[in-house]
Amino acid sequence: MNNNKTNERKLIFPEITLEDIRKSPGGANMELAINYSVDNGNHIITGSAGSGKTTIALLKAASLEKQGKKTIFFVYNNLLLIYLKSSAYGYPSDKIYSFYQ
């Protein structure tokens, strides 16, 4: 048995691109949230589990980083922390923290 396969890290879910978001149901609203100006104040993103809230927030944070703005990203649980650090959608993984870290 070849054990090299067991040591390879494979992402179960591929990284989501902005093009993927555009093609998804509600994608236009998701793109608006990502492009929303922080100068207009706070923006609350709501949705059911799996609707893309974290993805939108992380893509927004990555966009702000590219603009030279300081950001930090907190998640609620360590499993999500591990996943996001391995596929951070262009966001610096050293700026992603868990409340329980």
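How exposed is tyrosine 97, in terms of relative accessible area? Tyrosine 97 is partly exposed, with a relative accessible area of 32%, where partly exposed lies between buried (under 20%) and exposed (over 50%), using a 1.4 Å probe and protein chains only. The model is predicted, so that local features need pLDDT of at least 70 and side-chain atom pairs count only at pLDDT 80 or more, whereas totals for chains, interfaces and linings use all residues. Residues are numbered from 1 along each chain as its sequence is written, and side-chain values use heavy atoms, with hydrogens and water left out.

**View 1. The aromatic pair of phenylalanine 74 and tyrosine 97.** These two rings form a tilted pair, 5.9 Å centre to centre with 35° between the planes; rings of Phe, Tyr and Trp (its six-membered ring) pair if their centres lie within 6.5 Å, planes under 30 degrees apart being stacked, over 60 edge-to-face and the rest tilted. Because phenylalanine 74 lies in strand β1 (residues 73-75) and tyrosine 97 in strand β2 (residues 96-98), the pair ties together parts that are 23 residues apart in sequence. Phenylalanine 74 is partly exposed, at 42% relative accessible area.

**View 2. The cluster of Phe74, Tyr97 and Phe99.** Ring pairs link these residues into a cluster, and the structure holds three aromatic pairs.

**View 3. The largest nonpolar core.** Nine residues make up this core, among them Leu58, Phe73, Leu81 and Ile96; a nonpolar core is a set of buried Ala, Val, Leu, Ile, Met, Phe, Trp, Tyr and Cys residues joined through side-chain atoms within 4.5 Å. Its largest share, three residues, comes from α4.

Methods:
Helix = DSSP H or I, 4+ residues; strand = E, 2+ residues; numbered from the N terminus.
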